[in-house]
Structures are given as C-alpha cells and as structure tokens.
Amino acid sequence: WDLHTGELVHQKGEEYGFAGDLASLSALRAVCLHAAMRGYKLQSADVKTAYLCAKWPDHMPQHYFRIDERTIAYFSPELQAKVRKLGGPGRVLLPMKRPLYGHPLAGFLWLAEFAEFLRRDGWTESDSIPSMWSKDDMKLIAYVDDVLVSGPEGCVAEFWRSMQAEYELSSVGVAERFLGIRITQSRDLVELDVAEYVADVVADFEKSFGKEVRPADTPMTSE
C-alpha cells in the first residue's frame, strides 16, 4: 500500500529507474558453448529467499503491507500482541524494509541488488548478450534466484565463497538443470534437453484449458 494515495501499488521497476535482464535461452547457449570450448564443468546454485536479500531503497517512497490472520500467525507472540493492540489484522499496516514476494517491484529490486554485488566482485555485463556477465575466464547468467557459471574450477569455487559471504545458497554443484532444461555434460560437449520442460508445459496447458494437445510432425503452419 502507498499511504499517499491509499491504494495498492501497481508500479513497474522502470518508474524508479530499475531495469534488468533475466537469462534468456541465447544467453544459456552462450555459457554452455563457453564451457564446452574450454572443457569447463557448468556449475549452478540457488539463492535462498532472494527477494528478501534486497533492501528497500532510500530514494523510493515507503510502501506498507496489510496484516491478515494468516500472516500474523508467523509473528512472535510479542509482535502479535502489539498488532492486536493497534487494531488487529485487517486494520494494521507495517512499513516494508525489504520487498516481499508478490510485491510488483520485488524482482526489479533483487536484480538491482545482485547486479551491484557482481560489479563489486569484479564482473562486467556483456554488451552483446543481455544478462550474461564475465570475469577473467568465467561466464555467468542468472534467472531470478538461479545462477549458472562456467569457468576454471578454482575461480568458480572462489566465486561461490564470495556469494556465500553475502547470501545463503543451496544446491551448489555441477549443473543438471537450468530454466527447466536438463543439462548433460562431458569433457567437450554440453547437451540441452527440453523434453521434460515441454511435457510440463503441455500438461499445464491441458489442465488449465481442458483441451488435449495432439502431437504433430511439424508444430508450425506452413504459411
């Protein structure tokens, strides 16, 4: 909520000068090619609660969130008592110190936070491939909280240590999936398999629209 307007926030990141590129399929291919040509093993990691790692910028107007019964259950007994004393769920607004999941600016603020971390760590964003970053002989792409890196094993290990000093990571290791795509690696070959991803998309489509998807030899019109 914005207390100045009394309305829910529906703003976009560009309104506050925030913008960022998410990893694309072309960027994924570029990083995979780099790994295959150099003989590197692709590694990946997830940033836990990524959106909550971004702080609320000082130059932005303060936003608030409304407390409901479901949310207050996660509060400490002391904070629950304070909220109920102020009027209870549905009547109390709390200032946001970090962008919560579901806030329209949360993704933009996280991208800005992560980009600033990469710059401090010596990474440079590619001019030709949006969302790809380079440092020494390493290449990196990120899709929200999923990070994929190609580079010498020692350099990548040092990068993970730098990240772990700032963020909590999970699933650090040799990449097996990224953007729903299965990754198979050998010494000089990286294979991308989208079969499971396509199957999931088809299943979601059929469930959502109640229509059966029929296979076709050429899934495009000839026109």
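Predicted model: local features only at pLDDT ≥ 70, side-chain atom pairs only at ≥ 80, totals over all residues.
I started with Ser171 and its accessibility: at 54% relative accessible area it counts as exposed (exposed is over 50%, buried under 20%, partly exposed in between, with a 1.4 Å probe and protein chains only). Ser171 is not a glycine, yet I find a positive phi of about 55° there. Ser171 sits in strand β8, residues 169-174 (strands are DSSP runs of E, at least two residues, and helices are runs of H or I, at least four, both numbered from the N terminus).

Residues are numbered from 1 along each chain as its sequence is written, and side-chain values use heavy atoms, with hydrogens and water left out.

Next, Ser131. Here too I find a positive phi on a residue that is not a glycine, about 80°. Most residues other than glycine have a negative phi. Ser131 lies in the loop between β4 (124-125) and β5 (132-135). Is Ser131 buried or exposed? Ser131 is buried, at 2% relative accessible area.

Then the cores. I looked up the largest nonpolar core and got 23 residues (a nonpolar core is a set of buried Ala, Val, Leu, Ile, Met, Phe, Trp, Tyr and Cys residues joined through side-chain atoms within 4.5 Å). Phe114, Leu140, Val147, Phe159, Trp160 and Met163 have the most contacts inside it. At least two residues of this core come from each of β1 (43-47), α4 (106-120), β6 (138-143), β7 (146-150) and α5 (153-164). The largest share, six residues, is from α4. A second, separate core has 18 residues, among them Cys32, Leu42, Ile183 and Val190.

I also followed Phe159. Leaving out residues up to four places away in sequence, Phe159 touches Phe117, Leu118, Asp121, Trp123, Leu140, Val147 and Val149 (contact is heavy atoms within 4.5 Å).

Last, the helix pair. The axes of α4 and α5 come within 11 Å and cross at roughly 130° (axes are lines fitted to C-alpha atoms, for helices over the stretch in contact, with angles from 0 to 180 degrees between N-to-C directions). That makes α4 oblique to α5 (under 35 degrees is roughly parallel, over 145 roughly antiparallel, 65 to 115 roughly perpendicular, the rest oblique). Which residues meet? Phe114, Phe117 and Leu118 in α4 meet Phe159, Ser162 and Met163 in α5.
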